[in-house]
Amino acid sequence: MGAPGQSTDPAPYLRIAAELRTRIASGELRAGQKVPSARRITQEWGVAMTTATKVLATLRREGLVRAVPGVGTVVDTSGACGEPPVRSSRRPRKRPAESVLSRERVVRTAIALADAGGSAALSMRALAAELGVSTMVLYRYVPGKDELVVLMADVVFGEVELPADAPADWRGRLATGARLQWALYRRHPWLAKAMSFTRPPLSGNALALMEWMMAPARELLPETPVLLHTTVTVAGYVRGLAVNLEDEAEAEQDTGLTHAQWLKTRNGRLAEILDGGNYPMYAQILAYPDIGFDPDSMFAFGLDRLLDGLGAVMTERRPGPGGRGRRSV
């Protein structure tokens, strides 16, 4: 029995983990199937995000689930006959020797954790649980979460492979660079929220990508303020759309519906609102069922319009004698 006045109820994260463990053992959650995300746990059980991440970390330690980048946390398929291994919560997997840890492993594990569960699922405690070490051990490799995120961003920007046949003109190079950034944000939806243009993380790989992207434009924009604003405008446009990707990925995981499927479920309600004839623009849009509106189409449309606008800036400033820019007349 517990001490007088002391609750003997298990901690909320242990109670929720036990419920999910029962679902896995009963087959309600099958091998390879997604388990509730951290955000879904906060909504379904009414707990804080830190509690939700501890739930998933507990199940990962027990070997019942694993993080799959771009998908989420799924029931582990490493058990016999494809069934998830059910282990007692009193026997967590053995922690690896600290000597096998490295900063690179810590950072790449953090990336996998954020890819699978979103930025909300990333904490020093959750990362330590994923690595099977105490939280304090992590501080031997990274000073804190803010510094960890900077390292994560630098690693993923290093994934970008610049095309060998890169366009030499300003528009082609800016378009290619913007698409490379968009693809990177697509692979790592948490990345956009980690970036900032007022207080940017200092990533050598990110700076290298921007240097490459802006090289042809720099020849046409010798005026430093214009060069800076052009650089930030293009990169900011891509990031501005990309900050929605993580929310969309979490919504799709929580609802099981893609963006297009979700829109279709709202058509009936939208038709009721438009029935009075007061919204002709939306009525026209609703009458076009295969309009193909999604984040990728919005990115492509906006990028073309942005580059159209920058064309005026580029033609106004051409290299003059001695390489100095001059306005056209």
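Predicted model: local features only at pLDDT ≥ 70, side-chain atom pairs only at ≥ 80, totals over all residues.
Residues are numbered from 1 along each chain as its sequence is written, and side-chain values use heavy atoms, with hydrogens and water left out.

The protein chain has 15 helices and 4 strands, where helices (H or I, at least four residues) and strands (E, at least two) are DSSP runs numbered from the N terminus. Of its 329 residues, 39% count as buried, meaning under 20% relative accessible area with a 1.4 Å probe and protein chains only. If we take contacts (heavy atoms within 4.5 Å) between residues at least 6 apart in sequence, 68% of them join residues at least 24 apart.

Let me turn to helix α7, residues 145–157, whose 13 residues should span 18 Å at 1.5 Å a residue, in agreement with the 18 Å between its end C-alpha atoms; the expected span is 1.5 Å times one less than the number of residues. Which residues of α7 are buried? They are L148, V149, M152, A153, V156 and F157, and they cover an arc of only 165° around the axis, which puts them on the same side of α7, the arc being that of the directions from the helix axis to the C-beta atoms. These buried residues pack against α4 (103–117), α5 (124–131), α8 (170–187), α9 (191–194) and α10 (204–220).

One of them, V156, is also touched by H188, which lies in the loop between α8 and α9.

In helix α4 we find A116, which counts as buried at 5% relative accessibility. A116 and E250 are 134 residues apart in sequence, yet 9.7 Å apart in space, C-alpha to C-alpha.

E250 brings me to the lining of the largest cavity, which also includes S37, A38, R39, M49, G117, A120 and Q253. Helices α2 (38–45) and α11 (224–255) each supply at least two residues of that lining.

Notes
1 Å grid on protein atoms, 1.4 Å probe; cavity = no way out; pocket = protein on both sides within 12 Å on 5 of 7 lines; lining within 4 Å. Buried < 20%, exposed > 50% of the residue type's maximum accessible area, 1.4 Å probe, protein only. Lists of a residue's contacts leave out its neighbours within four places in sequence.
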